[in-house]
Amino acid sequence: MNDQLIIFDTTLRDGEQSPGASMTRDEKLRIARQLERMRVNVIEAGFAAASNGDFEAVKAVAEAIKDSTVCSLARANEADIRRAGEAVRPAASSRIHTFIATSPIHMEKKLRMSPDEVVAQAVRAIGWARQYTDDVEFSAEDAGRSEIDFLCRIFEEVIKAGATTINVPDTVGYNVPEQFAATIRTLIERVPNSDKVVWSVHCHNDLGLAVANSLAAVRAGARQVECTINGLGERAGNASLEEIVMAVRTRRDVYQCDTRIDTTHIVPASKLVSGITGFAVQPNKAIVGANAFAHESGIHQDGVLKHRETYEIMRAEDVGWTANKLVMGKHSGRNAFRSRLQELGVVIESEEQLNSAFARFKALADKKHEIFDEDLQALMNDDSSEPKEHYRLLSSSFHSETGELPCARVTLAVDGREQNVESSGSGPVDAAFKAIESIADSRAELLLYSVNAITTGTDAQGEVTVRLARDGKVVNGQGADTDIIVASAKAYLNALNKLEAGTEKLNPQV
């Protein structure tokens, strides 16, 4: 058996399909560079046919990434595949990932195609994809509920047509580990030329079994796992990259394979994705949660102090956990600032962008003396220089006093035109949101408001996530500031700007 497990990261595609997790082109580039630094084998950069914005984002990742294969998803039709092929054309190593549904319910109710028609369409799709690249992946959507005989048939035909990776998705998270492993084992045994392709799995977490199913498939012979940072993804999410990688590395005796991942970049990647999407990592999350290597029990503390391996099966530093380290201060210069951002995967593409970011850094340094990496990440997530910004906070003042009605006064730039407004509310944040709404009149529904401290200390920046919904579109807005009410106003405006951008996305569930 091949002892290398290929890690296929779909944070930028399936991860982005989490309601509110849509990313800008520049945000995708930052995450892609971190994935490359982590030595991910394949980066699925998006679904190029979904929108012009998605096409441009996939193309930008393809142009920037040199050490990982860049992939685009495409339905099994000519238009999608040609769009994907054009988007990944600039990549040093490119892949097209095409799919079609194979379960009886999907073929009958969604596709309205016969099994023969589905096989013929899949074969045609491989032919179109091979006009752009020799690296073609085929997925049987809803394979977890498909008939095994039909899977054997369609996989045999797409392998003949030139597919090099065969992906078996548990699209709706229906499978359990023993069953899924048996499916993978049967397919490898029964499909002709199964040894000529890489067998892959893509598991969803609807029953909390995505990682377990993926690992069971690895034991059965799968040698690619499709996963995401922090388990981000459609509905309950995908298999978590960090958990897959560390399970395989920690238990090589069981899985008989390993990945090429540089695990010291796992925690920085987790923090970057969390900051950009606004999806906080739960404290007890394996590997990357704040409590993952914390020991409260006196017995555990005593054991770890005597010998780490009494209660720790991994070293915290091996996955990127380090003590907070002061990296910048108010006296730091532009070159040091630029260098540190590059180390964090943030590439400054123009002097204008550097000047804007450096000005925000200096303003932050005047408010708090210790600037940590997390502060810099939040500062770049809070970039107010993005194009097409409809609303911008110019100034604000808030008043809250026991026994008095809290009020807020905000000054906004709306398409460059200054507007002032005052409002009251049940608290200063509520007053700020009502003041903004009196200008924006967005008719959006507030689904989520959450606050997290970026670092320790009373002068820590507060990072606020606001989730808004309107007309079926859900967006997350982020804002950070040492003043939590200002951070809240920034987050609300960030979400409104995303709603105004109005980018339309298609969300195939693979």
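The following paragraphs describe the predicted model from its overall dimensions down to single residues.

In this predicted model, local features need pLDDT of at least 70 and side-chain atom pairs count only at pLDDT 80 or more, while totals for chains, interfaces and linings use all residues. Residues are numbered from 1 along each chain as its sequence is written, and side-chain values use heavy atoms, with hydrogens and water left out.

The protein chain contains 17 helices and 14 strands; helices (H or I, at least four residues) and strands (E, at least two) are DSSP runs, numbered from the N terminus. The radius of gyration of the chain is 24 Å, close to the 24 Å given by the globule rule for 510 residues, so the chain is as compact as a globular protein of that length. Here the radius of gyration is taken over C-alpha atoms, and the globule rule is 2.2 Å times the number of residues to the power 0.38. Along the principal axes, the C-alpha atoms fill a box of roughly 75 × 60 × 45 Å. Of the 510 residues, 56% are buried, where buried means under 20% relative accessible area, exposed over 50%, and partly exposed in between (1.4 Å probe, protein chains only). Among contacts (heavy atoms within 4.5 Å) with a separation of 6 or more, 67% are between residues 24 or more positions apart.

The interior may be taken up next. A nonpolar core is a set of buried Ala, Val, Leu, Ile, Met, Phe, Trp, Tyr and Cys residues joined through side-chain atoms within 4.5 Å. The largest such core has 94 residues, and M38, F138, I154, F155 and I166 have the most contacts inside it. A second, separate core comprises 30 residues, including V414, I485, L496 and L499. Within the largest core, F138 has contacts beyond its neighbours within four places in sequence that include I100, I126, I154, F155, T165 and I166. T165 belongs to strand β6 (residues 165-170) and counts as buried because its relative accessibility is 2%. Apart from neighbours within four places in sequence, T165 is in contact with R95, V136, E137, F138, V198, S200 and Q224.

Strand β6 is also one of the elements against which the buried residues of helix α8 pack; the others are α7 (177-190), β7 (198-203), β8, α9 and α10 (252-255). Eight of the ten residues of α8 (residues 210-219) are buried, so this helix is largely enclosed by the rest of the structure. The buried residues are A210, V211, N213, S214, L215, A216, A217 and V218. Just after α8, G221 takes a positive phi of about 125 degrees.

The loop between β8 (224-227) and α9 (241-250) holds N230, whose phi is near 65 degrees, a positive value in a residue other than glycine. R235 is found in the loop between β8 and α9 as well, and its phi, near 55 degrees, is again a positive value in a residue other than glycine. N230 counts as buried because its relative accessibility is 18%, whereas R235, with a relative accessible area of 36%, is partly exposed.

Helix α17 (residues 484-501) contains A495, a buried residue with a relative accessible area of 0%. Leaving aside neighbours within four places in sequence, A495 is in contact with V466, L468, V475, N476 and G477.

Two or more lining residues come from each of α11 (266-277), α15 (373-381), β12 (445-453) and β13 (462-470), and α11 gives the most, with five.
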